[in-house]
Number of protein chains: 2
Amino acid sequence: MAVADNLFILCFLIIISCVNIPLAEAKIRRYKWEVKYEYKSPDCVKKLVITINGRTPGPTIVAEQNDTIIVELKNRLLTENVAIHWHGIRQIGTPWFDGTEGVTQCPILPGETFTYEFVVDRPGTYLYHAHYGMQREAGLYGSIRVSSKEPEPFAYDYDKSIILNDWYHKSTYEQAAGLSSVPFQWVGEPQSLLLNGKGRFNCSLLTTPSTNVASVCNATNPECSPYTLIVIPWKNLPGHNMTVVEADGHYVEPFVVQNLFIYSGETYSVLIKTDQDPSRNYWATTNVVSRNATTPPGLAIINYYPNHFRRSPPTNPPPGPLWNDIAPRYNQSQAIKARKGFIVPPAPTADRMIVFLNTQNTVNGQYRWSVNNVSFNLPHTPYLIALKDNLLHAFDQTPPPNGYDFKNYNIYNVATNTNATTSSGIYRLQFNSTVDIILQNANTMTVNNTETHPWHLHGHDFWVLGYGEGKFDMYNDPKKFNLINPIMKNTVPVHQYGWTAFRFQADNPGAWAFHCHIESHFYMGMGVVFAEGIERLGELPSAIKGCVRR
Amino acid sequence: MAVADNLFILCFLIIISCVNIPLAEAKIRRYKWEVKYEYKSPDCVKKLVITINGRTPGPTIVAEQNDTIIVELKNRLLTENVAIHWHGIRQIGTPWFDGTEGVTQCPILPGETFTYEFVVDRPGTYLYHAHYGMQREAGLYGSIRVSSKEPEPFAYDYDKSIILNDWYHKSTYEQAAGLSSVPFQWVGEPQSLLLNGKGRFNCSLLTTPSTNVASVCNATNPECSPYTLIVIPWKNLPGHNMTVVEADGHYVEPFVVQNLFIYSGETYSVLIKTDQDPSRNYWATTNVVSRNATTPPGLAIINYYPNHFRRSPPTNPPPGPLWNDIAPRYNQSQAIKARKGFIVPPAPTADRMIVFLNTQNTVNGQYRWSVNNVSFNLPHTPYLIALKDNLLHAFDQTPPPNGYDFKNYNIYNVATNTNATTSSGIYRLQFNSTVDIILQNANTMTVNNTETHPWHLHGHDFWVLGYGEGKFDMYNDPKKFNLINPIMKNTVPVHQYGWTAFRFQADNPGAWAFHCHIESHFYMGMGVVFAEGIERLGELPSAIKGCVRR
């Protein structure tokens with residue numbers, strides 16, 4: 001039985017990702033989206049959520065390689081702005097449509113219509129989500145599926161997609177206010193794990209009395225009936241071990257898992273064979289790992305046609321892996337290689353290496369996350385505009401540090417001095433240079449505590465060169481880098497007390513966020529910005545400049 | 001014992017309004033405000049509220065006549081814009097700083113600092129509050145007190161101010177989402193009535209279970225200890241009948257009341273004598289009238305020094321007037337006249353009369369409020385900018401109607417056809433013309449139901465010419481207009497099944513909202529906009545134009 005293990009959130013699991021219908025030429029695919037607040041009950045608890053055309057998750061964008069996607073987004077949020085990021089789409093030639101508020105565009109005002117237009121140049125499974133404040137948590141996310149023009153290197157009969165998401169009952173405002181408070185109020189564990197926007201909260205757990213009639217839990221609400229994946233038994237395909245064949249838009253040398261570890265911002269395609277007893281249905285489950293969470297598993301039903309799709313499987317849902325067993329997570333990370341025949345070799349050496357120490361800190365009494373002891377603050381004027389139009393006052397001109405005190409810092413201890421500074425400074429990269437990034441994890445401000453952080457790079461894919469436990473050894477560890485068949489990705493975890501190394505080519509003119517994909521961590525400063533080749537860009541669209549005052 | 005009866009909300013009762021310290025010349029008074037979300041417990045229930053410099057209500061602006069107020073407002077609301085209206089300040093020469101989103105300015109973006117600068121040209125009691133979406137309900141409001149340079153026509157020893165506010169436990173987003181829903185979800189009655197930001201909710205009434213730990217009720221939280229007005233007994237002043245001496249910044253021919261009816265957006269100054277038994281404290285209470293509300297009275301303590309200020313009065317709070325007894329409310333409206341020696345006579349005749357029928361309607365299944373069957377929609381581009389820069393596409397160019405079907409419409413019945421239309425059209429007034437407005441109330445969409453609406457005019461004061469019951473008689477009622485000593489106001493109620501007539505001079509170049517001051521009613525379309533003398537305005541400040549795209 002397939003078990004998808006969701007570390008944190010907004011991960012994307014596609015049960016066979018790519019449809020193979022060759023078409024003569026690229027198409028233009030137009031979408032009109034209205035974004036607004038509506039009451040929904042994704043896990044049976046009624047809550048105000050942000051919908052796209054009345055739905056959360058929003059409509060799936062389905063396209064073919066090289067198609068142009070045009071999304072006309074109308075903001076109907078009353079007093080709240082919005083921006084949407086197309087996660088995994090590199091935006092080559094259109095860096096202003098990356099949708100990252102404060103980095104590539106001003107936010108879209110209430111009443112305004114903003115048109116995103118970009119090419120999906122590579123087949124694969126991607127996602128989109130709000131990239132402003134903590135709006136993603138409010139339900140503003142969805143899937144992008146880009147099919148290939150070429151035959152795929154594996155066969156299947158049909159495909160389904162599942163998008164995973166953590167779900168909180170507090171509003172994003174309440175979450176953000178708590179994170180900024182002194183004393184700090186953590187958002188806590190999610191109340192539910194959603195599969196394709198559906199979960200099931202145990203209504204009897206609602207204990208705090210409230211005057212808020214909106215907080216009603218109704219277990220019979222059809223909005224929270226479990227997601228059902230209907231399969232036809234004995235077809236020559238999906239089976240309950242999963243064969244991983246794609247990740248973040250790149251073919252993977254196939255490998256078989258029972259549990260797939262997915263980190264927030266990652267996407268995978270797996271093959272499943274429907275070769276089990278066809279007289280019953282099966283559970284698919286998703287669990288939290290890496291933290292000792294109280295969140296119950298997210299459940300979907302794999303429905304063996306013609307059994308009734310609501311018929312409960314006769315066995316208990318399979319247990320997830322142990323939350324604190326780190327070895328299988330390292331093993332999976334290290335098992336993923338580029339598929340033979342589809343290997344894109346990295347440059348053999350890097351022009352620059354930057355080490356990012358991941359720490360939890362305090363700044364003026366507030367809890368923050370930092371890299372190299374600098375906690376990131378987004379400026380009001382987006383970097384892309386500030387850089388192109390030479391608005392040097394718009395952000396701190398001092399670049400943040402390239403590393404930390406490798407020699408003396410003990411990654412297994414709480415830092416001697418947990419104070420950090422904040423900055424809006426950025427890393428300026430030589431255009432087309434090769435850059436190595438080492439993510440170095442460390443202890444948090446709690447003794448014997450460290451967290452997994454999934455880091456997402458905008459505007460690029462990178463080669464994953466290696467993972468390790470402990471402190472990265474600048475001399476010996478690079479010798480072990482995989483330069484033969486590294487997988488390319490846009491999101492990668494750094495494991496607890498471990499390091500992760502990757503390489504990328506700074507060949508996409510623009511300003512690009514690189515940050516922990518846990519929304520609350522980025523909100524608390526866990527991110528940086530890279531800029532490269534700005535001088536190669538033509539004039540920026542005026543539509544992205546709405547917040548810039550001269 | 002003084003009883004303040006609050007009809008709906010955000011009313012302002014000043015126990016003596018004006019301090020008499022003559023100063024040589026006008027001053028500049030600078031304020032730096034940070035607007036953000038914080039958890040507060042104004043009525044003992046913890047809720048996310050919008051604060052100014054950590055407070056709700058925000059800081060009181062205290063100034064002298066002809067001072068210049070400069071408020072540097074920094075928006076720290078994360079993803080939400082803001083705009084603040086200076087209620088009762090006419091903004092002569094500065095119509096762009098009226099703070100009305102969609103009418104006089106674009107909203108202020110998160111991270112942005114916007115500077116309001118205006119002259120308080122007239123002594124009196126005013127208020128300020130958000131004028132964007134339903135942000136006022138989130139706690140964004142406060143007081144403005146402008147003292148006179150001239151001696152006042154009454155004596156007192158000292159002064160205190162009280163600002164009244166309705167308080168809801170639902171967030172403004174939840175309220176607005178309900179109001180826009182099909183089926184309609186009314187915001188309901190307020191959970192508490194606040195006096196100077198303090199109320200006291202009965203925690204045992206929290207019955208709906210919730211996962212939301214924020215909805216915690218703590219009756220011992222000092223934030224919700226009752227407001228205490230400390231008085232010194234037997235001083236020659238405050239007494240427990242109230243002598244009304246000022247309203248909306250104009251001296252009133254003094255009259256004595258036990259209960260003062262205050263409608264949302266109104267301000268009053270009253271004299272009170274502390275001539276009661278000095279060995280005890282007293283209750284001051286505020287109640288809802290006009291609707292059969294379940295909201296408990298708002299309570300403050302009048303503390304007779306040196307009794308302990310927390311000592312509970314030994315008697316029960318006085319009961320409010322009957323919610324459905326309309327006669328005393330008409331009586332009070334009709335009792336208010338301009339004070340002898342301070343009468344500003346109105347023009348003897350009007351150049352134009354506009355009748356506004358107030359009705360409840362449906363538009364595409366949504367519940368709405370309308371005037372003359374047109375429900376108001378704010379455009380994205382503020383009128384002031386659209387008119388000055390001749391952006392004719394920015395709003396409907398058809399002016400809304402000057403009246404309704406006087407002959408056939410039965411104001412005591414539900415309308416035969418409750419459908420209305422929406423429009424962003426406006427009333428263009430001849431500069432310096434004299435305009436009469438007749439507010440005509442009517443039945444709602446419920447049989448035998450009508451509501452009181454307090455209408456607020458921006459940018460002007462008006463002469464209140466008369467009130468009446470039933471349908472306004474175009475031929476006979478104008479003969480009864482008070483042209484001798486009408487009070488000037490900026491907010492006036494139209495009573496149930498009644499009419500209210502006023503006159504104003506269209507002598508303030510700009511675009512000015514005129515609307516029901518119940519925030520949810522304006523949100524649902526109960527408003528219009530007047531424009532006059534736009535051609536006389538110089539260039540508009542670019543800071544107000546942030547949302548305008550060319």
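This is a predicted model: local features need pLDDT of at least 70, side-chain atom pairs count only at pLDDT 80 or more; totals for chains, interfaces and linings use all residues.
Which residues of chain A do ring pairs link into a cluster?

Residues are numbered from 1 along each chain as its sequence is written, chains are lettered from A and ligands numbered from 1 in the order in which they are written, and side-chain values use heavy atoms, with hydrogens and water left out.

**View 1. Chain A as a whole, with 4 helices and 33 strands.** Helices (H or I, at least four residues) and strands (E, at least two) are DSSP runs, numbered from the N terminus. The radius of gyration of chain A is 22 Å, close to the 24 Å from the globule rule for 550 residues, so chain A is as compact as a globular protein of that length. That radius is taken over C-alpha atoms, and the rule is 2.2 Å times the number of residues to the power 0.38. The C-alpha trace spans about 65 × 60 × 55 Å along its principal axes. Of the 550 residues in chain A, 65% are buried; buried means under 20% relative accessible area, exposed over 50%, and partly exposed in between (1.4 Å probe, protein chains only).

**View 2. Aromatic rings in chain A.** Here is the cluster: ring pairs join up Tyr31(A), Trp33(A), Trp86(A), Phe97(A), Phe114(A), Tyr116(A), Phe118(A) and Tyr128(A). Rings of Phe, Tyr and Trp (its six-membered ring) pair if their centres lie within 6.5 Å; planes under 30 degrees apart count as stacked, over 60 as edge-to-face and the rest as tilted. Over all chains, the count comes to 71 aromatic pairs. Take Tyr383(A) and Phe395(A): their ring centres are 5.1 Å apart and their planes at 70°, so this pair is edge-to-face. Tyr383(A) sits in helix H3 (residues 383–388) and Phe395(A) in the loop between H3 and strand S24 (421–423) of chain A, so the pair ties together parts that are 12 residues apart in sequence. Both Tyr383(A) and Phe395(A) are buried.

**View 3. A tilted ring pair in chain B, Phe504(B) with Phe530(B).** The two rings are 5.5 Å centre to centre, with 50° between the planes. Phe504(B) belongs to strand S31 (residues 498–505) and Phe530(B) to strand S33 (residues 527–532) of chain B, so to speak a link between distant parts of the chain, 26 residues apart. Phe504(B) is buried at 0% relative accessibility, and Phe530(B) is buried with a relative accessible area of 0%.

**View 4. Helix H1 of chain A under cover.** How many of the residues of helix H1 (residues 172–179) of chain A are buried? The helix is mostly covered, with 8 of its 8 residues buried. Among them are Tyr173(A), Glu174(A) and Leu179(A). The cover includes strand S3 (28–40), strand S22 (366–371) and helix H4 (519–523) of chain A.

**View 5. Glu101(A) in its loop.** Look for Glu101(A) in the loop between strand S7 (84–87) and strand S8 (113–120) of chain A. Glu101(A) is buried, with a relative accessible area of 11%. Leaving out residues up to four places away in sequence, Glu101(A) touches Ala83(A), Pro107(A), His131(A), Tyr132(A) and Leu378(A); contact means heavy atoms within 4.5 Å.

View 6. Most residues other than glycine have a negative phi, and most peptide bonds are trans. Tyr305(A) and Pro306(A) are joined by a cis peptide bond, with omega about 10°. In chain B, a cis peptide bond joins Tyr305(B) and Pro306(B), with omega about 5°. Asn372(B) is not a glycine, yet has a positive phi of about 50°. Asn372(B) is buried, with a relative accessible area of 6%. Asn448(B) has a positive phi near 55°, and this residue is exposed, with a relative accessible area of 66%.
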